[in-house]
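Open the model in your viewer and keep the selection tool at hand. The tour goes stop by stop.

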Amino acid sequence: MILSAGEAKAPAPNSHSRVHFVYFVLASFDILVVLAGLLLSSHFANVFEKTIEYRQGWDKIFTQMWKIGDLVMDTGSPVVRMFESTDWAAESRHFEESLKRLSTDVQSLQEQLIASGKAEEAQDALAALHVVQNKLKLVTEHGRSAFSQYRDGLVEKAAHCMSMTQRYSQELKHQFQGAMASILLLTRNYENQQLGHVRDLRRYELLIAFCVLFMVAGVTTYGLHIGRLIRQKHHQAAEAVARLQAVNADVTRLNQVLAVNVKRLQDAQEENIRKGKLAQLGQLTATVAHEIRNPLNTIRTATYLIERKLNAAAPELKAQFERVSKAIMRCDSIMNELLDFTRTRALQVERVEVDTWLKEVVKEQAQKLPAMVKVEFRPGLSGIEARFDPARMYRVVVNFLTNASEAMVGRGDDPSKFTTDRPKIIIATNRGPGGVEISCTDNGPGIAEENLKKIREPLFTTKSFGVGLGLPAIDKILEEHRGELRIETKLGEGTKMTAWIPLEVDKREAA
Amino acid sequence: MNPKQLHILVVDDDIDNANSLAEIFEMEGHVVTRAHSGTEAIRAYEEKNFDIAFMDIAMPEKNGVESFFEIRKFRPLARVYMMTGYSVEELVQQALQNGALGVLHKPVDLHKVLSLLAA
């Protein structure tokens, strides 16, 4: 047995684990990116916090410095005011107080810087403050001597000391401003440093954004790919199912074909056995027919002789002679029936003009039927020739006529068995599909439904005489011609039997 | 005496058959010679010609058709009817194609036979 359908393609293995792997990778990447994002934001917060803390760390110091800055502005001014003032002692007190406060404040600032642990980064400022202290000493020194000179009335010297005081006071201011500037620079630098840090982090932010975009694009693309893959798989599965169904259908069909072939084989086997039996039976029948016909011939000729010799002397014997003659003919017809059915020799096909041939056969056979049966021939082939074995087809026609006639009037000698008032048989010819038809129509009683199948079986008969091989013989002869027998019948109206044979009989049969 | 008296040869290995047919012809006033095999039939023809012959086909040794063919060799105009108890179509066809007048199927219709003589 050959299965035409191809094998269904197996789906690619491990495709599921591959999908899992890719999703695992994407998910891990996802988590990494999220973690990186969190880390980055914590970095930002850190920088921000540090910056604020740093600034706050300097805030007190700045406040102190602004205060000191104010004091620094007028360290020398009481000395100047001394020349215009009436109360130089008050100015001197004022000078001493302000210097003392300044000195305390600067010292406290120095201590604060050191205490806050910023000494190292603020060493410039501290150095400047140190110079401020020195300058403060010089201002104090010169201021005091200015006040003492002025008290002693040494105005000129006092003025000189005043200008020295002013000079150092200016220097002190400068130094302090330098210290302030250095601390300001310090915080500015720190802020700039943190700003650079933030800029660096910004770059990471961009990288993470790229990663997120990449991931989203990756997930989308892979999702689309997987979707397509799933659709494809689905399609493949549907195709495989369809193919499977086709294969199933194929197998079912082949099984049916097989069953049919097995049945045919069985039939052929049975047919062979039947043919073998028939061949044997045919041989036997032919021998018996020959052996019986010789004595039958003797009886016939002898009876004829006796009849001729006694005819005038004993006219009452005429009926007896007729009976003998009929009995002989019955024996003969039984022989014919047997020979028709059992004959197995090959057909002797000739080209025959059907109508002309059939007209002769019908005319000859009609004379042998009981006189009350009317026979009509209706040719319809207008000179068409067919190839068949005339001797065999002759038997078909004889059987048609005999069957029809016997169905209507039996053997014609017993009116109680007549079934038809005006028995009539029509033999007609027609062009059938691909062949010729010879039909025999009677107006007899028709065939009962239950007998219709049986009449084709050998040895079935509804008559009180006959072997029951008439129709089977017709069937067999037509079958040998690759033709067929059709029977149409209606109870009470009659029966039409049609023999169809192809125009050309198969050469194998004719061989 | 039959004015149309014929010399007839009846050939049949079945002696009763041959005799009963011969007697019918004799009753009709013809002269009948009987033969019971193909060889006898040929010998009979060698001795004299017949107006008509009725020859059985199925006979042991030499069958009727073979005998007819041999007779035809030296009596090409021999008028012979073949007789047969069953259809031996091939032989019948051969005989008819080679000059046999016809075939009579046993049991023979005697009216037909006698009408053949009259023809």
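Angles here run from 0 to 180 degrees between N-to-C directions, along axes fitted to C-alpha atoms. Keep in mind that this is a predicted model.

**Stop 1: a helix across strands.** Select residues 354-366 of chain A, which are helix H7. Helix H7 lies across E2, E4 and E5 of chain A. Its direction is at about 175° to E2(A).

**Stop 2: the sheet.** Now show the strands under that helix's name list and their partners. In which order do the five strands of chain A run? The order is E2-E4-E5-E7-E6, in an open sheet with mixed pairing. Colour the edges next: strand E2 (374-378) and strand E6 (484-490) of chain A each pair on one side only. On average, neighbouring strands are turned by 15° against each other, direction ignored.

**Stop 3: one strand pair.** Select residues 424-432 and 435-442 of chain A. These are strands E4 and E5, paired in the antiparallel sense over eight bridges. Zoom in on Ile427(A), which stands opposite Cys440(A) in E5(A).

**Stop 4: the largest nonpolar core.** This core has 37 residues. Pick Trp58(A), Leu102(A), Leu113(A), Phe176(A) and Ile183(A), which touch the most other members. Helices H1 (15-73), H2 (77-84), H3 (88-115), H4 (123-151) and H5 (155-310) of chain A each give two or more residues to this core. H5(A) supplies the largest share, 11 residues.

**Stop 5: around Leu102(A).** Beyond neighbours within four places in sequence, Leu102(A) is in contact with residues including Ile68(A), Leu71(A), Leu136(A) and Leu172(A).

**Stop 6: a second core.** Finish at a separate core of 36 residues. Among them are Val352(A), Leu358(A), Leu401(A) and Met408(A).

Key. Residues are numbered from 1 along each chain as its sequence is written. Chains are lettered from A and ligands numbered from 1 in the order in which they are written. This is a predicted model: local features need pLDDT of at least 70, side-chain atom pairs count only at pLDDT 80 or more; totals for chains, interfaces and linings use all residues. Side-chain values use heavy atoms; hydrogens and water are left out. Two strands pair if DSSP finds at least two bridges between them. Helices (H or I, at least four residues) and strands (E, at least two) are DSSP runs, numbered from the N terminus. Contact means heavy atoms within 4.5 Å. A nonpolar core is a set of buried Ala, Val, Leu, Ile, Met, Phe, Trp, Tyr and Cys residues joined through side-chain atoms within 4.5 Å. Buried means under 20% relative accessible area, exposed over 50%, partly exposed in between (1.4 Å probe, protein chains only).
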